Amino acid sequence: MKFILSLVLGLSLISTLSAQMERTPPPAGRGLFIDLVAGVRDGKVRLSFYQSTRFWADLTGPAKDPKLVLRIYRAEVPGLVFGMDYEEIINDLTPAKAKVIWDAPLPAINERKYEFIDEAAEIGRTYVYWVSSNLGDAPTGPKVARVRDPQTFWNQAEIERRIDALAQAHPKLVTKKTIGATVRGRAINALFIGNSEKRIALIGSIHAGESGPELILPALEKICTENPDALANVGIVAVPIMNIDERERLAEGYPYYLRKNAAGVDLNRNFTALWGEVSYLYGLISSDPESTTYFGPRPESEPEARAIAALMKEVKPLTVYSYHCVAMLAGTDLVRSVASGGDADYTARCEAVAKVYVESAIGTGAQAGPYSRLVCTGGSLPTLMWKDYGVPAFDMEGTVFAPLGDMATREQLAEFQAMHARGIFGTLRYFSDKK
Ligand SMILES: [Zn+2]
């Protein structure tokens with residue numbers, strides 16, 4: 001028995017060796033690797049990929065050939081503008097024009113899997129990667145990774161850290177409460193600050209690639225530390241980030257603009273008020289699941305929208321500011337429900353509230369009125385707040401700095417943080433003074 005076993009082992013060893021000797025090159029144009037992923041962690045790009053099933057099943061596979069040479073190619077996409085360029089920007093990039101950044105054996109981390117960290121990746125750049133071997137296989141790729149500055153574009157861990165730090169630093173003033181979960185099961189957290197009877201509401205990143213946490217949280221930190229008395233008569237309820245799942249993909253290096261939630265629904269079209277009214281805003285069709293403004297299969301089909309709708313019902317805020325524009329910067333271009341346009345009393349109240357935010361943020365007379373425009377569609381948060389509550393509610397869009405997008409500098413972000421802190425503080429004062 002022992003003899004037979006060793007004979008079988010011996011034969012299989014011989015057949016392995018002969019297969020390696022007679023290695024047949026892969027068919028022309030075929031890659032040998034699959035599931036290439038390029039993601040950003042701590043400002044570096046991490047690549048991972050697997051041998052294809054066919055390659056792995058073949059006895060010539062690199063797990064059995066540690067001398068197999070792997071080639072990793074990298075090209076830079078210098079001109080990509082977030083929110084303006086999409087996949088066509090990399091169409092003319094080929095590995096032939098790319099730089100080989102690795103050309104050596106790479107130990108597999110499991111039988112079929114490889115991992116590679118691009119330590120030379122730099123913050124503020126966008127890279128395209130391919131991978132191949134020395135067997136004449138076609139490079140697998142491209143995969144794109146955009147290395148955003150983790151100090152200006154926060155990942156979810158950083159956002160959660162700041163939410164907890166704020167609640168811990170001001171235990172009498174600030175309460176954190178989980179109000180729901182995203183499609184992917186991440187907790188959606190709200191901060192209840194100051195007066196519990198009357199509150200203004202601040203909602204961040206209902207659209208994944210838009211502003212919120214980087215503006216709202218520093219404003220709250222500043223007001224709680226420097227002017228806690230301002231919160232005595234009117235408090236704040238804030239959800240610094242609503243569309244957590246898809247914004248995290250951006251923090252992990254997805255290069256292009258993302259808007260919908262992980263289920264492919266535009267959350268700012270999913271609320272019950274006038275839901276299902278087809279909007280053609282931006283040339284898109286909101287009833288089309290393939291549109292980036294898709295309103296979803298039914299009103300409040302999405303857990304993120306249900307969480308915010310329940311919060312609005314519970315709190316009945318005095319006003320709502322929802323932060324938009326691109327990346328982490330929103331300006332003072334306030335837009336509200338188109339359907340509210342014929343409501344004269346509501347329009348007057350919106351203008352009064354909007355003027356306070358704008359002038360507190362950027363200075364009296366710095367922006368000409370009217371201070372709010374009619375843009376928001378059926379199913380949007382501003383439409384919900386108008387229709388069901390009669391509450392002034394705005395989406396906050398961008399002005400001058402919009403083209404900087406996710407590549408704004410730390411100084412520019414600081415300027416916007418200070419600006420919005422002033423707008424929020426002015427709004428608190430306005431409602432505190434109001435009888
Ligand atoms: Zn938006």
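Colleague: How are the donor residues of the zinc ion spaced in sequence?

Modeller: They follow H-x2-E-x113-H. Keep in mind that this is a predicted model. The residues behind that pattern are H207, E210 and H324.

Colleague: Why is the arrangement of the four donor atoms called irregular?

Modeller: Look at the angles. Tetrahedral would need all of them between 85 and 135 degrees, but here they run from 52 to 145°. Square planar is out too, because opposite donors would have to be over 155 degrees apart. That makes the arrangement irregular.

Colleague: Where in the chain do E210 and H324 sit?

Modeller: E210 is in the loop between β10 and α4, while H324 is in the loop between β12 and β13. They are 114 residues apart, and the pair links distant parts of the chain. Both are buried.

Colleague: On to the rings. Why is the pair F33 and F49 called edge-to-face?

Modeller: Their centres are 5.3 Å apart, and a pair needs centres within 6.5 Å. The planes stand at 85°, and over 60 counts as edge-to-face, so that's the name it gets.

Colleague: What does the pair F33 and F49 tie together?

Modeller: Parts that are 16 residues apart in sequence, because F33 lies in strand β1 and F49 in strand β2. Both rings are buried, and together with Y114 they form one aromatic cluster.

Colleague: What makes the pair of Y321 and F394 stacked?

Modeller: Here the planes are 20° apart, with 5.2 Å centre to centre. Y321 is in strand β12 and F394 in strand β15, 73 residues apart.

Colleague: How do you know that R162 lies over the face of W154?

Modeller: R162 is at 3.9 Å from the ring centre, and the limit is 6 Å. There's also R148, whose charged end sits over the ring of F153, 5.2 Å from its centre.

Colleague: Which residues touch the most other members of the largest nonpolar core?

Modeller: L202, L220 and I236, out of 84 residues. Leaving out residues up to four places away in sequence, L220 touches L166, L191, I193, L202, I236 and A238. Another core, of 22 residues, lies apart from it, with V40 and F116 among them.

Terms used
Residues are numbered from 1 along each chain as its sequence is written. This is a predicted model: local features need pLDDT of at least 70, side-chain atom pairs count only at pLDDT 80 or more; totals for chains, interfaces and linings use all residues. Side-chain values use heavy atoms; hydrogens and water are left out. Rings of Phe, Tyr and Trp (its six-membered ring) pair if their centres lie within 6.5 Å; planes under 30 degrees apart count as stacked, over 60 as edge-to-face and the rest as tilted. Helices (H or I, at least four residues) and strands (E, at least two) are DSSP runs, numbered from the N terminus. Buried means under 20% relative accessible area, exposed over 50%, partly exposed in between (1.4 Å probe, protein chains only). A charge sits over a ring if NZ of Lys or CZ of Arg is within 6 Å of the ring centre and within 35 degrees of the ring normal. A nonpolar core is a set of buried Ala, Val, Leu, Ile, Met, Phe, Trp, Tyr and Cys residues joined through side-chain atoms within 4.5 Å. Contact means heavy atoms within 4.5 Å. Donors are N, O and S atoms within 2.8 Å of the metal (3.2 Å for Na, K and Ca); water is not among the atoms, so sites may look incomplete. Four donors count as tetrahedral if all angles lie between 85 and 135 degrees; four count as square planar and six as octahedral if opposite donors are over 155 degrees apart and all others between 65 and 115; anything else is irregular.
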